Amino acid sequence: MIRSIKTRRQAVLVVCYGVIAVFMVFFLFPPYWMALTSFKTNQEIESLKGIPFLIQQGATLKHYQDLFTKTDFLIYLKNTAIITTLVTILSLVISVLAAYSLSRLGFIGAGILGTGVFLTYLVPDTLLFIPFFKIIGWLGLLNSKWSLLLVFPTAIVPFCTWILIGYFASIPRELDEAALVDGANHLQMLLRIFLPVAVPGLVAATMFAFTISWAGFLYPMAFIFSNEEQLLTVGTVTTLIKGDVYHWGGLMAGALLACLPPVLLYAFLMDYYISGLTSGSTKA
Amino acid sequence: MAQVVLKDLNKKFDEVYAVKDVNLHIRDKEFMVLVGPSGCGKSTPLRMVAGLEEITSGEVHIGERLVNDLPPKDRDIAMVFQNYALYPHMTVYDNMAFGLKMRKFPKPEIETRVREAATLLGIQELLKRKPRQLSGGQRQRVAVGRAIVRHPQVFLFDEPLSNLDAKLRVQMRVELKRLHDRLETTVIYVTHDQVEAMTLGDRVVVMKDGLVQQVGEPMELYSKPRNKFVAGFIGSPAMNFIETTISDASGALYAETAGLRVRVPAERTSRLAPYKGQAVTLGIRPEDLQEATGGDPQDLVFEALVEVVEPLGSEILLDTKVGTQTIVARVDPTVSTKHHQKIRLAFVPDRIHFFDNKTEQAIA
């Protein structure tokens, strides 16, 4: 049977879209379920009748109201925003300097150190939190959100450094050399030439740092006990699961709201991430 | 304006010498070209002058200053890179102004200098564009512009034309030469292209394996190569090398091989006498072989089988076979011959080179 290129191409496209559709359903179902449950009344959530995939007994904003008025959700949100912002900035500053020196300065042992940095990332935090608990205790930071400023970067910095080493390697060395010959010192070159060109790599690292910090669960769970210092992830769960009673509506409302900042950040940064900013600098 | 002196300069990467015992005196306002095949270590001395490469041992002087330990920014040099290395996030204007800004020049001065350089290079219209909106030739001009606005003591060019297409390369070559005439600045220029080296350089340094092979004016390298490498590297098509044995008969010396017997010119016999009975390499440039006329002495003439004819319009290149050796001759376009035909060729006697087979040095 002879098939034209066009029909074969169409067949491939159908398969592609089919696969994408399956993935879409798979990944979008949880957020859909979250949104759905958060707008349902408690009676409907607990009811075994009707179709669970639709709201049939009228939507309500009560769960959102309760979240803001009857829980410390806003405190958690504030804490998380502060910690995530600071952790992201701190981690990026350290990672950029580390990645730059590891990839460009070519000092003795740079290769081994680079591998070492990556290996530290491979140690799971479920092992690390026990010694960290000791250290944080010594520092007198238990039950303080600031402890997370020290702990979160231990996982974020190695990975971001690794991402950035990879990205920096794609920036032609002549670019820094040109800046040095042009009269810049290393810091000026880094700030005015190198980092503007490395924006896509920085965006990738920022997204990673932000997500890890925003979604961190184990460390706040282990180190923070009081509501005033707690973060969104742990706070929402501990407040809205009382013993064996799950306040599903509130939980889902809290989870949905907690998802929004990362989603907005991704949407905003995606353009920078994709556009290749180095084009035109060199021949290739 | 300044001279550049390299003294006993060495560069080791791991245990390999990229540059070995290089001594060069580049005069004030001189256009000095470093040429050699890729990987010969010609870029490394340039980068050492720029301060981008640490010096293993030796000294680099710019002007009267020893610059070994100075960072690039304090050496008063400007460099143009092979891949241009323009700052992609800046406009052409900002690219050119960057070095001046770093040196805290007043704004009006920066403006004047950038416009001046842009006019000189014919890129006034492009000042507001970003590098990605430029063609290869335009980018190269911007890279040159970025170097000249600073009025440095020394220009360093690292294969600046290698990424351009052939036609543009020839055009930019002429422009660079003109620019040097105008700016009267010391230039060190690295290339692997011997044509660029010959046409641009006041003097040329031929390098191989990190060693300087010969330093001299272009025509000197061409007519008096010091060794077999320089002889083969400079000139296109390359010099023919013919394996011969020196013999003597009736008071004269002859270089012989199967199908060819050529008399050593009288003034060369004393230098070649010690090689009697030994193998030496005879070198002859394609243009120093001509179609034999009846008037040529018989001991300078040989018969060759034409294998390939390459008519270039102004001349014809003949790939010929003599015995087992291939010899290229560049003859007048009036010569009529076809492949598989035999042709009689004559040596221009005072253009014959001899090289010692062991040392590869010229016997002269």
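Me: How do you know that the span of helix H6 of chain A agrees with its number of residues?

Reply: Let's work it out. This is a predicted model, and in it H6 of chain A covers residues 125–138, which is 14 residues. The expected span takes 1.5 Å times one less than the number of residues, so the helix should span 20 Å. Its end C-alpha atoms are 19 Å apart, which agrees.

Me: Where does H6(A) bend, and by how much?

Reply: At A:Pro131, by about 30°. That angle is taken between an axis fitted to the seven residues ending there and another fitted to the seven starting there.

Me: Is H6(A) largely buried or in the open, and how do you know?

Reply: Count the neighbours. A residue is called buried if 20 or more other C-beta atoms lie within 10 Å of its own. Of the 14 residues of H6(A), the number buried is 1, so the helix lies largely in the open.

Me: What follows H6(A)?

Reply: A:Gly140, and its phi is positive, near 70°.

Me: OK, on to the two chains. How many residues of chain B are in contact with chain A?

Reply: 24 residues of chain B, and they meet 22 residues of chain A. To count as a contact, two C-beta atoms must lie within 7 Å. Strand E6 (77–80) and helix H2 (92–102) of chain B each supply at least two residues of the side that touches chain A. By class, that side of chain B has 15 nonpolar, 5 polar and 4 charged residues.

Me: Which residues touch the most other members of the largest nonpolar core?

Reply: B:Val33, B:Met79, B:Leu156 and B:Ile188, in a core of 154 residues. Helix H7 of chain A (residues 147–169) gives the most to this core, with 13 residues. As for B:Val33, leaving out residues up to four places away in sequence, the residues it touches include B:Tyr189, B:Ala197, B:Leu200 and B:Val204.

Me: What are the domains of chain A, and where do their centres sit?

Reply: Domain 1 is 2–60 and domain 2 is 63–283. Taken over C-alpha atoms, 31 Å separate their centres. The contact between them takes 8 residues from domain 1 and 8 residues from domain 2.

Me: What makes up the side of domain 1 of chain A that touches domain 2 of chain A?

Reply: Helix H1 (5–39) and helix H2 (42–46) of chain A each supply at least two residues. H1(A) has the largest share, 5 residues. Sorted by class, this side of domain 1 has 4 nonpolar, 3 polar and 1 charged residues.

Definitions and conventions
Residues are numbered from 1 along each chain as its sequence is written. Chains are lettered from A and ligands numbered from 1 in the order in which they are written. This is a predicted model: local features need pLDDT of at least 70, side-chain atom pairs count only at pLDDT 80 or more; totals for chains, interfaces and linings use all residues. Helices (H or I, at least four residues) and strands (E, at least two) are DSSP runs, numbered from the N terminus. A residue is buried if 20 or more other C-beta atoms lie within 10 Å of its own, exposed if 12 or fewer, and partly exposed in between; C-beta atoms are placed from the backbone. Ala, Val, Leu, Ile, Met, Phe, Trp, Tyr, Cys and Pro count as nonpolar, Asp, Glu, Lys and Arg as charged, and the others, Gly among them, as polar. A nonpolar core is a set of buried Ala, Val, Leu, Ile, Met, Phe, Trp, Tyr and Cys residues joined through C-beta atoms within 7 Å. Domain bounds come from an automatic or database domain assignment.
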